[in-house]
Amino acid sequence: MIRAGRRKYAQNSEDLAAAMGVTIGTFRNKQPYADEDFPPQISSDGARVKLWDSQQTAAHLAGRPVPELPQEEDEQDLLDRNEAAAELGVSPKTWDKNYKTHPQIAPHLTTVKGVEHCPRGIVQAFRAGKDASADAGPKGRPKGSGDMVPRDEISARVGDLLDEDPAVTLATVQERVGLSYAAAARALPRLRGERIADLLQDEPDLTPEEAATRLGYPTAVQRTALASAATELRARQEQPYLQRVADVLVGAGLAEAQDVRVQRLEGDVLAAAVALSGSGAPALVWDERYGWRTAVSKRHPIGKETGAPPEGDGIRYLSEHQQPEPSELLAALTDRRHGSRHPKTVHAAGGTLQG
């Protein structure tokens, strides 16, 4: 395994051969790592790719005492497939087929020197939930119950835990806040992402990786935190435009004054809604992939559907552009005679969709 905080020292055969000044062919033929006094591999027995700790091998090659690696288990230890399987009490093949693709595990997988690893804490949290699922929800939640904290308090409660320990784990969040695994897995990366975004806006010269490290986020969780930060920064860039649209509608007497909140849909797609009061439609919905459309519900204007709803039954697309000028939207909304404006081509966050 790669001990917590030592990812940057992981070294594969190619790295070690280069450090020894030999070709990879010579390295494989002579197998210097087979010598009794050579530092042990940090990869598991039988691993397909051999890994070493570069600080240990460098000391050995220089004739210096080889430093000891940490011996205590840590939730941020990175386990390869054999080690993760052993932690769950299954075979590596079962890990590959049934476990690594599970939604509680897959987002946390990370590749180091060509080898896929999973943080120990993620595997342990999954095992704890699996063991408890026959009788109760994870961490003492009654089976079938919802989260034990009101939704509007989740961010504050999880934020308090992040203040105490930037490396707080999902298992700890589940236990101390009373959340399901799914709710904890949404809240914790999102809050880490928001704090990375805050720091990047305060110090634009920082890279996202530097900001994550400055905040004390372990390497094992940085990938999900950085992805969340990128989405958060995108949302902050879109919000002024969306608020301008709302303000124009207020000025035209079609809406009450309101603060527009950018929401994340499945796949980190951004969307927002503007409640209307002086129009035949209860609300307008903006989706970064499809632009603006009317909604059929004021209470739940966006809904759970993440695709493009078809026109009809109160739904109209108001522009062929994703960010038309507010005046264009106002004209489209008040023109009862306009035809369908549903875009033939819409641009998703990651590419183009043909409608």
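Me: How many bridges does strand β6 share with β7, and in which sense do the two pair?
Reply: Keep in mind that this is a predicted model. Strand β6 covers residues 263-265, and one of its links is Gln263, whose bridge partner in β7 is Ala271. Counting up the pairing between β6 and β7 gives three bridges, in the antiparallel sense.

Me: Which residue in the turn between β6 and β7 has a positive phi?
Reply: β6 and β7 form a hairpin, with three residues between them. In that turn, a positive phi of about 80° belongs to Gly267.

Me: Which strand does β7 join through five bridges?
Reply: β7 spans residues 269-275, and six of its seven residues are buried. Take Ala273 in this strand: its bridge partner is Val285, over in β8. The five bridges run between antiparallel strands, and the partner, at residues 283-287, is β8.

Me: Which residues point one way from β8, and which point the other way?
Reply: Start with the covering: five of the five residues in β8 are buried, and the cut-off for that is under 20% relative accessible area. So both faces of this strand hold buried residues, given that definition. Ala283, Val285 and Asp287 go one way, and the other way go Leu284 and Trp286.

Me: What is the order of the strands in the open sheet of three?
Reply: Look at the edges: β3 (78-79) and β4 (110-112) each pair on one side only. β5, at residues 115-119, is joined to β4 by three bridges. The pairing in this sheet is antiparallel, and the order reads β3-β5-β4.

Me: Which residue of β5 is the bridge partner of Val112?
Reply: β4 and β5 run antiparallel, with three bridges joining them. β4 is an edge strand, covering 110-112. For Val112, the partner in β5 is Val115.

Technical notes
Residues numbered from 1 in each chain as written. Predicted model: local features only at pLDDT ≥ 70, side-chain atom pairs only at ≥ 80, totals over all residues. Heavy atoms only, no water. Pairing = 2+ DSSP bridges. Helix = DSSP H or I, 4+ residues; strand = E, 2+ residues; numbered from the N terminus. Buried < 20%, exposed > 50% of the residue type's maximum accessible area, 1.4 Å probe, protein only.
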